[in-house]
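Hello,

Please find the structure below, followed by notes on what turned up in it.

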Amino acid sequence: MKPHSHVNSILEHGLVLSVTIEDLSFTAYVVISEPDINLIADFVPQEHFESGGDLHVTAVETPADAYTQIQDMIFNMNIGDSVVFLCSDHASYQETLEELGQDPHQNRA
């Protein structure tokens, strides 16, 4: 189950990706941020909250957590949902991008 993704936009501390894993397509906000749900409005536009899909949020505390967090999220998602990955540091961010099908050396926050 290899993910495919492309960059939709660049954020100050991350990327917005369109991701496809098997039959599931979703938007992923991958950012370097402390795990504070109140910060989500800083990078998820208001229009997204009004679009109808669910918004899932998870913290990636270490690079080793990236794969598990992605798998846990996709298990609970529907087509058209979005997920925010709040990565605690640059290494966690890079690993999350790689697990979502990006070349982490090309995408730097």
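Which residue takes a positive phi in the hairpin of E2 and E3? Glu22 does, with phi near 55°, in a hairpin that has two residues between the strands. Please keep in mind that this is a predicted model.

Strands. E2 pairs on both sides. Strand E1 (residues 4-11) runs antiparallel to E2 and is joined to it by seven bridges, with a hairpin of two residues leading from E1 to E2. Within this pairing, Val7 has Leu17 as its bridge partner. Eight bridges join E2 to E3, again antiparallel, and Ile21 stands opposite Leu24 in E3. Six of the eight residues of E2 are buried, so the strand is largely enclosed by the rest of the structure.

Cores. The largest nonpolar core has 20 residues, and those touching the most other members are Leu17, Phe26, Ala28, Val30, Phe85 and Leu100. At least two residues of this core come from each of strand E2 (14-21), strand E3 (24-32), helix H2 (66-75), strand E5 (82-87) and helix H3 (90-99). Another core, of nine residues, lies apart from it and includes Val16, Val31, Ile40 and Phe43. Leaving aside residues up to four places away in sequence, the contacts of Leu100 include Pro3, His4, Val19, Ile70 and Phe85.

Pocket. The largest pocket holds about 160 Å³ of space. Its lining consists of Leu11, Glu12, His13, Val31, Ile32, Ser33, Leu39, Asp42 and Phe43. By class, five of these are nonpolar, two polar and two charged.

Regards

Conventions
Residues numbered from 1 in each chain as written. Predicted model: local features only at pLDDT ≥ 70, side-chain atom pairs only at ≥ 80, totals over all residues. Heavy atoms only, no water. 1 Å grid on protein atoms, 1.4 Å probe; cavity = no way out; pocket = protein on both sides within 12 Å on 5 of 7 lines; lining within 4 Å. Points joined across faces, edges and corners; volume = space filled by probe spheres on them. Nonpolar A, V, L, I, M, F, W, Y, C, P; charged D, E, K, R; others polar. Core = buried A, V, L, I, M, F, W, Y, C linked by side-chain atoms within 4.5 Å. Buried < 20%, exposed > 50% of the residue type's maximum accessible area, 1.4 Å probe, protein only. Helix = DSSP H or I, 4+ residues; strand = E, 2+ residues; numbered from the N terminus. Contact = heavy atoms within 4.5 Å. Pairing = 2+ DSSP bridges.
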